[in-house]
Amino acid sequence: MVVRFVPNGRDHDRFGISTGRRLGGAVRRNRVRRRLREILRHAPHDTGHGWDILIVVRPPAVDASFDELRTALERLLRSVRGSVKASS
């Protein structure tokens with residue numbers, strides 16, 4: 001997965017999930033999106049600013065387990081939070 005982020009001028013973060021056709025059919029893409037939304041629902045969001053965060057899913061994520069996805073996404077979000085706080 002890849003994470004891109006830009007300030008949105010609001011007091012909360014917004015997330016987008018991009019799953020391209022390279023991941024497979026609609027069933028596979030939707031399964032990945034459902035899993036990521038569930039992970040985001042339980043993840044702490046403490047960037048302190050309003051950010052638009054886009055998660056671009058790459059093909060290896062389709063075969064990853066839920067725990068592997070959670071670990072990878074949490075690691076990516078921590079790097080975003082570190083980048084955000086460093087630029088503030």
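Select Asn8 to begin: in this predicted model its relative accessibility is 16%, and because buried means under 20%, Asn8 counts as buried. Colour the chain by secondary structure, and Asn8 will be found in the loop between strand E1 (2-7) and strand E2 (14-18).

Now show the side chain of Asn8 together with the backbone around it. Which backbone oxygen does this side chain reach at 3.2 Å? That oxygen belongs to His12, while the backbone oxygen of Trp51 is reached by the side chain of Asn8 at 3.3 Å.

Keep Trp51 selected, for the next stop concerns its ring. How many aromatic pairs does a search of the whole structure find? The search finds one, and the pair is formed by Phe5 and Trp51, whose rings lie 5.4 Å apart from centre to centre with 70° between the planes. Because planes over 60 degrees apart count as edge-to-face, the pair of Phe5 and Trp51 is described in that way. Zoom out to follow the chain between the two: Phe5 sits in strand E1 and Trp51 in strand E3 (residues 51-56), so that the pair links distant parts of the chain, 46 residues apart.

Finally, switch to a surface view and select each partner in turn.

Terms used
Residues numbered from 1 in each chain as written. Predicted model: local features only at pLDDT ≥ 70, side-chain atom pairs only at ≥ 80, totals over all residues. Heavy atoms only, no water. Helix = DSSP H or I, 4+ residues; strand = E, 2+ residues; numbered from the N terminus. Buried < 20%, exposed > 50% of the residue type's maximum accessible area, 1.4 Å probe, protein only. Polar contact = N/O pair within 3.5 Å; in protein donor to acceptor, adjacent residues only side chain to side chain. Phe/Tyr/Trp six-rings, centres within 6.5 Å; stacked < 30°, edge-to-face > 60°.
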